[in-house]
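Thank you all for making time this morning.

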Amino acid sequence: MYPMICLPRMVEILYIGYRIKEAYHVRCSDTRRALEHRSHFYTKLWCDAASQLGASVLLLGDEIIEISRGQSCTYVQQNTTSIDRAITVAVAKNKPLVHRLLARQRLRTPAYCEFTLNEMAKAVNFVERAGGKCVVKPTNGGGGRGVTTGVVGSVDLARAAASAAVYGRDLMVEQQVQGDVYRLLYFDGVLMDAVLRKPSAVLGDGKSTVRELIRLENEVRLKAGPNLAHALIVIDMDVRRTLASQGFSLSAVPHAGIAVTLKTVINDNSQRDNLTATHLLCKSIIEDGAAAAATIGVRLAGIDVITPDPSVPLSESGGAILEVNTTPSYHHHYYKRDGSYPVAVHLLPSLLACGVAEQQHTTAA
């Protein structure tokens with residue numbers, strides 16, 4: 001265990017380094033290209049959905065799209081819609097609050113501890129009591145940014161906390177739950193689609209380092225456009241911890257044919273890593289997901305569940321509900337190894353109906 005007296009200084013130095021690295025990453029041309037692919041993906045899917053419904057589309061700038069049919073009209077911006085209220089989105093973004101609300105309904109969530117960089121002792125005590133791997137993340141983060149898995153001991157914790165703090169001063173550390181991650185997509189309590197999301201991996205060729213393999217994978221993603229992946233693999237603390245757990249480092253050269261898992265956090269995965277999972281889920285898990293969405297008051301909810309066995313209840317497998325997302329990504333529903341679920345096509349009629357209701361309310365007022 002690293003001496004507690006040295007920990008605050010170590011965290012401060014690491015935090016500054018991660019801030020500089022993030023600033024460079026944001027300005028990187030590859031990052032900008034990936035963001036352009038993401039924008040194109042959402043613009044196309046909304047235009048396609050509108051076309052199927054006989055609606056007209058007007059691109060207003062700043063990725064805002066006006067979709068209208070007859071007297072009804074709605075606005076979308078990538079995966080942001082008018083379905084859920086601003087206060088609902090704010091509640092769902094607060095991960096500790098979501099954990100507390102779900103626990104109040106006796107829904108399974110990981111044990112956790114809230115802290116800031118000035119309260120590292122709290123987090124160290126939690127990790128020591130956990131007696132196993134932990135996960136560190138910003139309390140209001142999204143997209144997997146700043147999330148590190150496999151945290152054990154105070155040195156790991158310091159690095160992970162400094163990385164997470166780049167995306168928000170309020171942090172949390174959770175006990176790491178074993179199993180695969182499933183994204184369950186609900187609309188008004190009804191399960192629309194479920195996806196088994198595997199982590200990103202690369203295949204060794206016997207001559208390239210892991211760092212080089214990551215670069216080559218990112219080049220493939222950029223060349224393929226938005227269909228293969230909506231994000232690049234960013235070398236962060238989770239990459240380093242996940243590689244270490246397999247006996248690798250970024251400079252290691254895996255033997256030809258050896259699959260190397262790059263991250264435990266699944267947000268950077270690709271079409272190759274996503275599989276339809278609706279048929280794998282037991283009734284209990286589907287009901288738990290619906291109850292989680294209802295508890296937070298979310299109409300369009302992406303519920304992240306982790307479990308080693310989706311055929312049995314979470315209480316039996318030791319699984320848990322990780323997050324309730326109010327603006328869930330559509331990419332892994334559209335692009336899976338075994339098919340596609342066109343989210344926008346199913347949502348747009350309700351969005352247009354809501355637009356009519358809002359106009360009538362405004363007129364009456």
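The largest cavity of this predicted model is lined by Ala-34, His-37, Arg-221, Leu-222, Gly-225, Ala-229, His-230, Ala-231 and Leu-232. Helix 2 and helix 7 (210-224) are the elements that give two or more residues to this lining, where helices are DSSP runs of H or I with at least four residues, strands are runs of E with at least two, and both are numbered from the N terminus. A cavity here is a set of points, on a 1 Å grid over the protein atoms alone, where a 1.4 Å probe fits but cannot get out, whereas a pocket is an open set with protein on both sides within 12 Å along at least five of seven lines, and lining residues have an atom within 4 Å of a point. The volume of the largest cavity is about 40 Å³, a volume being the space filled by probe spheres set on the points, which are joined across faces, edges and corners.

As for the numbering and the model, residues are counted from 1 along each chain as its sequence is written, and side-chain values use heavy atoms, without hydrogens or water. Because the model is predicted, local features need pLDDT of at least 70 and side-chain atom pairs count only at pLDDT 80 or more, while totals for chains, interfaces and linings use all residues.

The second largest cavity, at about 30 Å³, is lined by residues that include His-230, Asn-274, His-331 and His-332.

His-331 also brings us to Ser-329, which is found in the loop between strand 14 and helix 11 (331-334). Is Ser-329 buried or exposed? Ser-329 counts as buried because its relative accessibility is 12%, with buried meaning under 20%, exposed over 50% and partly exposed in between, for a 1.4 Å probe and protein chains only. The side chain of Ser-329 reaches the backbone nitrogen of His-331 at 3.3 Å.

Note on methods
Polar contact = N/O pair within 3.5 Å; in protein donor to acceptor, adjacent residues only side chain to side chain.
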